[in-house]
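Have the chain in view and follow along.

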Amino acid sequence: MKVYFKKHRVYLKYNFGLSRSNNNWYDRIYVYLKRNNITGIGEAAPSPRYNESIHLIEKILQNGIKIPQSYTSYEKIWKYLKPQLSEIKSLEAAFSMALLDYMAKVEKKTVSKFLKLKQNKIHKTSYTIAIGRISQIEEKVKDAEGYKILKVKLGTVDNDKNIIKEIRKYTDKKIRVDANEGWKLDQGLEICDWLNKYNIELIEQPFPSNKFEDTIKLKEYTDIDIYADENSCTSSDISKIHSAFDGINIKLMKCGSIFEAINMIQLAKRYKLKVMLGCMIETSVAISAAAQLAGEVDLIDLDGNLLIKNDPFIGAEIHKGCLKISSNYGLGLNLKKEFINLKV
């Protein structure tokens, strides 16, 4: 088995604004594990929020990643691979995807069936409206016509109410609010009162991750469910934060692998926390990988690929606002003809 990698720049349909950043494009790294005629692929989408970068990933990959000459299981390969990845979670995620894509193809199964995960849930995914110009909101709401739920980025404080009021001019769909650590306690308490009349399903990461006590106060104050994002990176976080949240958002790029995501799901259920699958801005490679876990969770927020102009792959798809996993082997991916340069 040999390791290959390629970089791809994705361009966004709209400027993607959060409480802490603004972007029109992102670079992504594809990792390939190839043996004979079978290739497994994974995607790394690093975030500066977690001190990761494309440059750092390229440096690690250029130094070379070794694959064991003989192996009897994917668990043993993963145990061999993981220490070489310098604890870069997005890179770990990419290799876990590529490994499982390869192994499932060998056994002629989807990754979810290969891992014996539940198959029987159909989920509506939310569609993200990021922070941007108020004048673009009508157009963004029209783009989201096929989706039943909106994910709205807030955390600007002065403009948050204007964003929600503008959206409500055009739709009464359920809204998931994501503040991306943008509020202070008094702001969070006040806006939660105000949001009660706007059909809000949940609020994600209202405060900075180090403001744990503030989150406890908000959870006690409001009936709206509070979900952890930046406070919920790996399974080791769950026992520390469960009292402050109603649910957690699991992202492969934060937790480091599909294997760790499964650990998080199992542990969250023990603490009676709801589980949402989330994503960064990712192409269909990483989205299709996360989608393999859909039968195990409560909510889906897997729309990162829908916000990209030049997604090179076709994989998990949305039908009438619901996520549908491909029945093709592995992650179920097909490379679009115009991106033949990404083939190895």
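Where is the place of K113? K113 sits in helix α4, residues 111-114; helices here are DSSP runs of H or I with at least four residues, strands are runs of E with at least two, and both are numbered from the N terminus. This is a predicted model, where local features need pLDDT of at least 70, side-chain atom pairs count only at pLDDT 80 or more, and totals for chains, interfaces and linings use all residues. Residues are numbered from 1 along each chain as its sequence is written, and side-chain values use heavy atoms, leaving out hydrogens and water.

K113 is exposed, at 51% relative accessible area (exposed means over 50%, buried under 20%, partly exposed in between, with a 1.4 Å probe and protein chains only).

Now for the rings. There are six aromatic pairs, meaning rings of Phe, Tyr or Trp (its six-membered ring) with centres within 6.5 Å; planes under 30 degrees apart are stacked, over 60 edge-to-face, and the rest tilted. Take Y30 and F313: their planes stand at 75 degrees with centres 5.4 Å apart, so this pair is edge-to-face. Y30 belongs to strand β2 (residues 22-35) and F313 to strand β12 (residues 313-314), 283 residues apart. Y30 is buried at 0%, and F313 is buried at 6%.

W78 and F259 make a tilted pair, because their planes are at 55 degrees, with centres 5.3 Å apart. Ring pairs also link Y74, W78, F114 and F259 into a cluster.
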